[in-house]
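Subject: Structure handover

Hello,

Here is the structure I promised you. Please open it and keep it on screen while you read my notes below.

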Amino acid sequence: MMETLKLQTKYFGEIEYEAGDTLHFPEGLFGFEAEERFLLLPFEGSGGGMLCLQSVKTPALAFVVLDPFALNPDYAPELEPGDLRRFGVEEAGDLGFYVLCAVKNPVSASTVNLKCPLVVHPKTREARQVIMERYEMRHPLAGFRRGEEAAPC
């Protein structure tokens, strides 16, 4: 039986979670190498397309992440063979992908980092941030608009 833990979060107040709910980033995130454990928490009303990557170690540290495939169905991340081996999978389709969103005011000025997605193994909950040379680091969120509606961020 898992122990229930409490955490003060940046966006959701105090929450309860189980240690097995965390994602483990053995190498941390770029610029946050000491941050190895995070929770992936969905924002209400986002349909799971917009989530909060909440640090377990540092309550004030949280990132907005988005489902890149909901933004751009043509997004096609390719992992190096070494990355696939580290995850213990044969193809990238066995993994989950999220992109960081730099939320700005106004929201239409926000950008997403398609170049350095977060890659998550859904079974082991191991995660890494990888570099995709063919994508931009600061892709305008407004560039994903369909009609008058922009993706939430």
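Start with T111, which sits in strand β8, a strand that covers residues 111–120. One thing to keep in mind: this is a predicted model.

Is T111 buried or exposed? Its relative accessibility is 13%. Buried means under 20%, so T111 counts as buried.

Now the whole chain. The protein chain has two helices and ten strands. Follow the sequence and you read β-β-β-β-β-β-α-α-β-β-β-β.

Next, the overall dimensions. Along the principal axes, the C-alpha atoms fill a box of roughly 50 × 40 × 25 Å. The radius of gyration is 16 Å. A compact globule of 153 residues would have a value near 15 Å, so the two agree.

Then burial and contacts. Of the 153 residues, 42% count as buried. Take the contacts between residues at least 6 apart in sequence: 49% of these join residues at least 24 apart.

Last, surface and charge. The protein chain exposes about 8,700 Å². Carbon and sulfur atoms supply 51% of that area. There are 15 positive and 23 negative side chains. The centres of these two sets lie 4 Å apart.

Best wishes

Methods
Residues are numbered from 1 along each chain as its sequence is written. This is a predicted model: local features need pLDDT of at least 70, side-chain atom pairs count only at pLDDT 80 or more; totals for chains, interfaces and linings use all residues. Side-chain values use heavy atoms; hydrogens and water are left out. Helices (H or I, at least four residues) and strands (E, at least two) are DSSP runs, numbered from the N terminus. The radius of gyration is taken over C-alpha atoms; the globule rule is 2.2 Å times the number of residues to the power 0.38. Buried means under 20% relative accessible area, exposed over 50%, partly exposed in between (1.4 Å probe, protein chains only). Contact means heavy atoms within 4.5 Å. Accessible areas come from the Shrake-Rupley method with a 1.4 Å probe; for residues, only the protein chains shown count as cover. Lys and Arg count as positive and Asp and Glu as negative; His and the chain ends are not counted. The place of a charge is taken as NZ of Lys, CZ of Arg, CG of Asp or CD of Glu.
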